[in-house]
Amino acid sequence: MKIKSVNTDIALTHILSQKKQTLVAALGVTIGISIFIFLNSLVQGFSRYSDESLFKSVPHLRVYKEDEMSTPLLPDTSNSTPVLINPKISNLSKNLINPKQLLEIIKDQSYVVAASPQVSLSVFYKSGNSQINGVANGVMIAEENAMFNLQSSMVEGNVLDLQFTTEGIIIGVGIADQFNILSGDFLTVVSVDGIIKNLKVIGIFETGSAIVDKTKSYINLNVAQQMIQESPSYVTDIYVNTRDPDMAPAYVDDLESITHYQAEDWQTANAAAQAGGAMRNIILLSISVAVLLVGGFGIYNILNMTVSQKNNEIAILKATGFRGKDVIKIFLQQAIIIGTLGGIMGLILGAIIVTIMKNVYVGGNIKYFPIQFEPDIFLYGFLFGLAVTAVAGYIPAKNAANIDPVQIFRK
Amino acid sequence: MDKDIILETRNVGKYFHDPVKFKVLDNICFETYAGEFLTLVGKSGSGKSTLLYILSTMDTDYEGELYIGGEKITGQKQDNLSDIRNLNIGFVFQFHYLLPEFSCLKNVMIPALKLGRLSPEQIEHEAYEKLEILGIKDQALKQASKLSGGQQQRVAIARALINRPKIIMGDEPTGNLDSKNSEIVFDIFRRLTSEFNQTIIAVTHDNDFAKASDRTIELADGKIINHDLQL
C-alpha cells in the first residue's frame with residue numbers, strides 16, 4: 001500500500017497551514033487532559049491515603065457471632081392463631097467457640113494475609129484521683145502488629161515487647177499526657193466487672209486522632225480475658241486482612257461458610273465513609289470531565305471554522321472522486337492530530353502539576369499532599385482526551401462530507 | 001464514420017422544488033462520442049448547467065437515465081459515483097477551485113493519488129508532463145494561491161487531465177479568462193480531443209468558443225432545441 005494516504009497528506013497540510021489555530025485548539029485539550037490527570041490522581045491519592053489511615057484500625061473483614069433473635073413460641077401455621085412475642089436477643093455469650101482452631105482455619109485460606117483474635121472491653125484508666133474511660137483491646141500483639149503495623153505509630157517503646165510482659169499495656173499518647181506517665185511506669189486499669197490490674201506501660205502510640213489516642217490501649221489477650229472473668233478460650237472477634245482490600249466483600253460468603261459465624265467486610269462496616277468518598281470522587285470526576293469537554297469544544301469550533309472556510313475545496317475534492325468517507329477521514333485526522341498533540345502536551349503538563357503538588361507540604365499527619373504518579377490515570381486521561389477529540393471532530397467532518405458540490409459550483 | 005458513444009442520456013428530466021415546483025429539464029436525449037468536442041449553449045436559466053451537473057454524476061436527483069461508457073450511471077451508490085468521477089471525468093470550472101495551501105504540482109497530483117493506480121513518483125512525473133503541456137511547468141512548485149488567474153485555470157485543467165479521463169466537463173471554462181488565455185484553453189481542448197481521443201463537454205456563453213467546437217447543442221426552457229447548432 002501507499003506509505004502515506006492522500007487523505008492524511010491533505011489533513012497534515014491543512015494543519016500546518018494554520019499552525020496558530022491548531023496550537024490554540026491543542027492547548028484546550030492540553031489543559032483538559034492535565035486537569036483530568038491532576039484531579040483523578042488527587043482522587044486516587046486521597047482515597048489511598050484515607051484507606052491507609054482507615055486500615056490502621058479497621059480490618060478488611062471481621063468474623064463475629066451474630067446476635068440471635070428469639071423466635072415466636074408458636075410458629076405461624078395456617079389453622080392456628082399466631083402468637084406474637086417481642087423478639088429479643090437470645091444468645092448468652094458473644095464467644096466464638098474454639099477460637100484457636102478457627103484462627104488456624106482462617107489463616108489457611110489462600111487470600112488471608114493476617115488474622116488476629118480480639119477481646120475488647122470497656123475500662124477505666126486510673127492514676128491517683130483522676131480516671132479516664134476507655135477501651136482496652138485484648139490482642140495477640142504479634143498478629144495485631146502484622147495486621148495494622150502498630151509499630152509505625154509508636155512514639156515510645158517497641159510493640160512486640162508486650163509479648164514478654166504479660167501484665168503490660170500499650171497506651172495512647174493522650175492517656176500518657178493526661179497522667180503524665182512514660183514507658184516503664186505503672187497504670188491502674190479497672191474493668192466494668194471490678195477487676196483491678198496494675199499494668200506496666202510498654203509503649204505509647206499516637207494515631208493522630210485525639211479520641212483514639214485518649215481512650216485506646218492494647219493489652220495481652222489473656223489479661224483481657226481475666227478482666228472480664230472469662231476462660232482463656234473466650235474470643236469475640238477475629239480480624240482478617242486479605243491481599244486486596246477491594247476484594248474483601250467477595251470473601252464474606254466463603255468466610256461465613258468455613259467458620260459458621262457472621263463475617264463483615266470493611267465497606268459494609270464503613271458505609272457512610274465510603275459514600276462520602278464516592279461522592280467526593282464523583283464531584284472531582286465531573287469537574288475533570290467538564291474541563292475536558294471544554295477542550296473538545298475548542299476542537300469542534302476550529303474544525304467547524306475550517307470546514308466552512310474550505311467549502312470550495314471540499315466540493316472540488318468530492319468532484320474529483322473523493323468519497324464522503326474520505327472527507328470524513330481528512331477532517332477527523334486533523335482532529336486526532338490536534339488531540340494527540342494536545343494530549344502529549346497534557347501528559348507533560350499533568351506530570352509537572354503532579355510533581356509540584358507532591359512536594360507541597362500540608363502538615364498534620366498527611367505531611368505532603370497525598371498525590372502520586374498513577375500511570376493508569378495518565379493513560380485514561382490520554383485515551384479519554386482522544387475520545388472527546390474524535391467525537392468533537394466527527395461532527396464537523398460529517399458536515400463536510402455532506403456538502404453537496406453541485407450547490408457550491410452553481411453559486 | 002463509426003464512432004463510439006461515450007455518454008448518453010435517455011429522457012432526462014429534472015424538477016426544482018424551491019420556491020415552487022418547476023421543470024427545469026425536460027426529456028433530454030442526446031449522445032456524445034469519443035473524441036468529440038461538444039458545447040452546450042443557451043440563455044441563462046435554459047438548464048444547460050443543470051444538465052452538465054447531471055452528466056457529471058454529482059447531481060443524482062433527476063428522472064430518466066444516464067450512461068457513461070455503456071455503463072448505467074443512474075441509481076448507482078454515491079461511493080461508486082465518486083470512483084467513476086475519479087477515473088472517467090475531469091472537471092474545469094469558471095473558478096479554478098485549487099487547494100490554496102498546496103503547490104500547483106500537488107494540486108494536479110491529488111486526483112491521481114486518490115486513484116492510487118500509480119506510485120507517487122510516477123504520478124509526479126505525469127503531473128509535470130501535464131503542466132508542461134499547459135505551459136506552466138516552471139510554476140509547478142509555487143503555491144497555487146500565488147499564481148495569476150490564467151495560470152490557475154491551466155493548473156485546474158492539468159488536474160482535470162491527470163487521470164486521463166474519458167470525458168472532460170467544463171462549466172464556463174473560459175468565463176473568467178481574457179481572450180488570449182481563452183484561446184490557450186481552447187487549443188488545449190482541441191488537442192485533447194484530436195490527440196488523446198478525449199471527449200469535451202463544455203457549457204459556455206462564449207460564441208467563438210462554441211463555434212470552434214465540433215458540435216453545439218442549444219437548450220431553451222429545459223429542452224434541446226437544436227442538436228447541431230450552426231453559428
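The following dialogue discusses how to read selected features of a predicted two-chain model.

User: Which conventions and confidence limits apply here?

Analyst: Residues are numbered from 1 along each chain as its sequence is written, while chains are lettered from A and ligands numbered from 1 in the order in which they are written. As this is a predicted model, local features need pLDDT of at least 70 and side-chain atom pairs count only at pLDDT 80 or more, whereas totals for chains, interfaces and linings use all residues.

User: What scores does the model have, and what pLDDT does chain B average?

Analyst: The model scores ipTM 0.90 and pTM 0.75. pLDDT is the predictor's confidence in each residue, from 0 to 100. Chain B averages 89, and 99% of the residues score at least 70.

User: How is the packing of two helices read, and at what angle do H3(B) and H5(B) pack?

Analyst: Helices (H or I, at least four residues) and strands (E, at least two) are DSSP runs, numbered from the N terminus. Axes are lines fitted to C-alpha atoms, for helices over the stretch in contact, and angles run from 0 to 180 degrees between N-to-C directions. Helix H3 (residues 104-115) and helix H5 (residues 149-161) of chain B pack at about 30°, with axes 7 Å apart. H3(B) is therefore roughly parallel to H5(B); angles under 35 degrees count as roughly parallel, over 145 as roughly antiparallel, 65 to 115 as roughly perpendicular and the rest as oblique.

User: Which residues of H3(B) and H5(B) meet?

Analyst: Two residues are in contact if their C-beta atoms, placed from the backbone, lie within 7 Å. Cys104(B), Asn107(B), Val108(B) and Pro111(B) of H3(B) meet Val155(B), Ala158(B) and Arg159(B) of H5(B). By class, this contact has five nonpolar, one polar and one charged residues. Here Ala, Val, Leu, Ile, Met, Phe, Trp, Tyr, Cys and Pro count as nonpolar, Asp, Glu, Lys and Arg as charged, and the others, Gly among them, as polar.

User: At what angle do H3(B) and H4(B) pack?

Analyst: H3(B) and helix H4 (residues 120-133) of chain B pack at about 125°, with their axes 9 Å apart. H3(B) is therefore oblique to H4(B). The residues of H3(B) that meet H4(B) include Leu105(B), Met109(B) and Leu113(B). The contact of H3(B) with H4(B) divides into 10 nonpolar, no polar and three charged residues.

User: How do H2(A) and H12(A) cross in chain A?

Analyst: The axes of helix H2 (residues 19-54) and helix H12 (residues 324-358) of chain A come within 7 Å and cross at roughly 40°. H2(A) is therefore oblique to H12(A). Their contact has 14 nonpolar, 11 polar and no charged residues.

User: How many residues of chain B are in contact with chain A?

Analyst: 22 residues of chain B are in contact with 19 residues of chain A. On the side of chain B that touches chain A, H2(B) gives the most, with six residues. That side divides into 10 nonpolar, five polar and seven charged residues.

User: Which backbone features deserve attention in chain B?

Analyst: Most residues other than glycine have a negative phi, and most peptide bonds are trans. A cis peptide bond joins Asp18(B) and Pro19(B), with omega about 0°. Pro19(B) lies in the loop between strand E1 (5-16) and strand E2 (22-33) of chain B. Thr57(B), a residue other than glycine, has a positive phi near 75°; Thr57(B) is placed in the loop between H1 and strand E4 (63-68) of chain B.
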